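Here are a few friendly notes to read with the model open beside you. Take the points one at a time, and find each part on screen before moving on.

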Amino acid sequence: DMERISVLAERETNAFRKDLGNGNFSWQRAASPHPHMMLGYPVDSILKRYMAEGASYMEEMMSRVEAGSGKLKPLPSDLPYDPAADRAGHIEAASKPGFRIKIGV
């Protein structure tokens, strides 16, 4: 039931997503609906964005948690890309009216 998923997504976005200003945000935890649950359905595209944003934010973070201590390890110094390279461009694109998430290439 997409209406139920939409309501849940909106509630959890309000509860777990924190807007830090200047296009920055953080999530306390990922929302319950997985982004793939919404693909192909007529759900508000901003909710789709928030579900994808929350899932990826927490997934990346959890992949760096050190087993046993629970401490967050820093990003490796030898990444083959710069994680902040296109940040300004992504923020600018997402702030324009009519922004849509691109799936695929």
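1. Let us begin with the overall layout. Reading from the N terminus, the elements of the protein follow the order α-β-β-α-α. That makes three helices and two strands in the secondary structure. Please keep in mind that you are looking at a predicted model.

2. For a sense of scale, look at the C-alpha trace. Along its principal axes, this trace spans about 40 × 35 × 30 Å.

3. Now find helix 1 (residues 2-16) and helix 2 (residues 45-62), whose axes come within 10 Å of each other. At what angle do these two axes cross? The crossing is at roughly 60°. Angles of 65 to 115 degrees would count as roughly perpendicular and those under 35 degrees as roughly parallel, and helix 1 and helix 2 are therefore described as oblique to each other. As for handedness, helix 1 passes helix 2 in a left-handed crossing.

4. Which residues make this contact? From helix 1 come S6, A9, E10 and T13, while helix 2 brings L47, Y50 and M51. Sorted by class, the contact of helix 1 with helix 2 has four nonpolar residues, two polar ones and one charged one.

5. Next, turn to the largest pocket, which has a volume of about 1,400 Å³. Its lining is made up of 32 residues, and F25, E53, S56, R87 and H90 are the ones that lie nearest the centre of the pocket. The elements giving two or more residues to this lining are strand 1 (17-21), strand 2 (24-27), helix 2 and helix 3 (87-95).

6. Which element gives the most to the lining of the largest pocket? That is helix 2, with eight residues.

7. Finally, how many cavities of 30 Å³ or more does a search of the whole structure find? The search finds one. About 30 Å³ of space lies in the largest cavity, and the residues lining this cavity are S45, I46, R49, F99, R100 and I101. By class, these lining residues divide into three nonpolar, one polar and two charged.

Definitions and conventions: Residues are numbered from 1 along each chain as its sequence is written. This is a predicted model: local features need pLDDT of at least 70, side-chain atom pairs count only at pLDDT 80 or more; totals for chains, interfaces and linings use all residues. Side-chain values use heavy atoms; hydrogens and water are left out. Axes are lines fitted to C-alpha atoms, for helices over the stretch in contact, and angles run from 0 to 180 degrees between N-to-C directions. Helices (H or I, at least four residues) and strands (E, at least two) are DSSP runs, numbered from the N terminus. Angles under 35 degrees count as roughly parallel, over 145 as roughly antiparallel, 65 to 115 as roughly perpendicular and the rest as oblique. A crossing is left-handed if the near helix is turned anticlockwise from the far one by less than a right angle, and right-handed if clockwise. Contact means heavy atoms within 4.5 Å. Ala, Val, Leu, Ile, Met, Phe, Trp, Tyr, Cys and Pro count as nonpolar, Asp, Glu, Lys and Arg as charged, and the others, Gly among them, as polar. On a 1 Å grid over the protein atoms alone, a cavity is a set of points where a 1.4 Å probe fits but cannot get out, and a pocket is an open set with protein on both sides within 12 Å along at least five of seven lines; lining residues have an atom within 4 Å of a point. Grid points are joined across faces, edges and corners, and a volume is the space filled by probe spheres set on the points.
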